[in-house]
Amino acid sequence: TVAVSSGMQTGSLTQGWSFDVPIVVSTSVFNVPTTGSNAMHILGRNFGSFSLGQSSRVGFTDCFTSVWYSDTSLSCKVSFGVGHNLLLIVSSGIQMGSLIQLLSYDMPVVSSAAAWNSPTTGNFELTIFGNNLGVAQYSQAISIGQTASESSVWMSDSCLVSK
């Protein structure tokens with residue numbers, strides 16, 4: 001709201017003033033482990049002249065912490081997650097700016113499986129070991145050849161169980 005006072009009278013205009021939205025230009029990292037906790041330096045402009053609760057988010061997940069350094073610089077401690085080509089959003093006050101297809105979490109890597117031979121009728125459990133399998137039950141899907149498993153259960157960032 002823009003207000004002008006003259007003597008005892010005041011006139012105003014709502015939604016007549018705004019600040020430039022934050023613009024994200026680049027970051028120091030483009031790929032992080034699924035466990036998160038990596039520091040990411042974010043460069044851009046219009047982040048604000050002072051710290052007013054600026055925040056940053058990767059995909060739909062807020063960073064653990066966001067620290068304002070200047071109108072052109074923030075840092076973010078990336079949260080855990082999965083996905084690729086995710087959106088980075090910077091908020092300064094109520095203004096938001098973003099950069100699309102910026103950050104990816106490490107891809108899952110399978111190193112071994114615990115049940116090598118199985119009945120042709122199926123209905124067995126297969127324990128899969130690897131890295132970057134996520135830090136929670138997301139929507140992990142497992143297939144053997146062209147056949148999808150009935151279900152999968154997340155055990156840890158290095159272990160899934162398929163049935």
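**Figure 1. The disulfide of the predicted model.** This structure contains one disulfide, and the model shown is a predicted one. A disulfide is a covalent bond between the sulfur atoms of two cysteines. Here the bond is formed by cysteine 63 and cysteine 76, whose sulfur atoms lie 1.9 Å apart. The torsion about the S-S bond of cysteine 63 and cysteine 76 is about -80 degrees, and the disulfide is therefore left-handed.

**Figure 2. Cysteine 159.** This view shows cysteine 159, which has a relative accessible area of 12%. Residues under 20% count as buried, and cysteine 159 is therefore classed as buried.

**Figure 3. The open sheet of five strands.** The strands of this open sheet follow the order S4-S11-S10-S6-S7, and their pairing is mixed. Which strands stand at the edges? Strand S4 (31-32) and strand S7 (61-62) do so; each has a single partner strand, so one side of each is left without a neighbour in the sheet. Within the sheet, strand S10 (residues 86-92) and strand S11 (residues 95-105) run antiparallel and are joined by six bridges. Isoleucine 89 has serine 98, in S11, as its bridge partner.

**Figure 4. Glycine 93 in the loop between S10 and S11.** The loop between S10 and S11 includes glycine 93. This glycine has a relative accessibility of 48% and so counts as partly exposed. How many residues separate glycine 93 from valine 21 along the chain? They are 72 residues apart along the chain, while their C-alpha atoms are separated by 9.7 Å.

**Figure 5. Two asparagines with positive phi.** Asparagine 46 is located in the loop between strand S5 (39-45) and strand S6 (55-58). Its phi is near 65 degrees, a positive value in a residue other than glycine. Asparagine 85 is located in the loop between S9 and S10. Although asparagine 85 is not a glycine, its phi is also positive, at about 50 degrees. The relative accessible area of asparagine 85 is 42%, so this residue is partly exposed.

**Figure 6. A nonpolar patch on the surface.** Val2, Val4 and Leu13 form this patch, and together they present about 260 Å² of accessible area. Where is valine 2 found? Valine 2 is part of strand S1 (residues 2-6). With a relative accessibility of 32%, valine 2 counts as partly exposed.

**Figure 7. The whole chain, as context for the close-up views.** The chain has 17 strands and zero helices. Along its principal axes, the C-alpha trace spans about 90 × 30 × 20 Å. What is the radius of gyration of the chain? The value is 23 Å, whereas a compact globule of 163 residues would have a radius of gyration near 15 Å. Of the 163 residues in the chain, 31% are buried.

Notes
Residues numbered from 1 in each chain as written. Predicted model: local features only at pLDDT ≥ 70, side-chain atom pairs only at ≥ 80, totals over all residues. Heavy atoms only, no water. Patch = residues over 30% accessible without salt bridge, like charges linked within 9 Å, V, L, I, M, F, W, Y side chains within 5 Å. Areas by Shrake-Rupley, 256 points an atom, 1.4 Å probe, with all protein chains shown as cover. Salt bridge = Lys/Arg side-chain N within 4 Å of Asp/Glu carboxyl O. Helix = DSSP H or I, 4+ residues; strand = E, 2+ residues; numbered from the N terminus. Buried < 20%, exposed > 50% of the residue type's maximum accessible area, 1.4 Å probe, protein only. Pairing = 2+ DSSP bridges. Disulfide = S-S within 2.5 Å. Rg over C-alpha atoms; globule rule 2.2 N^0.38 Å.
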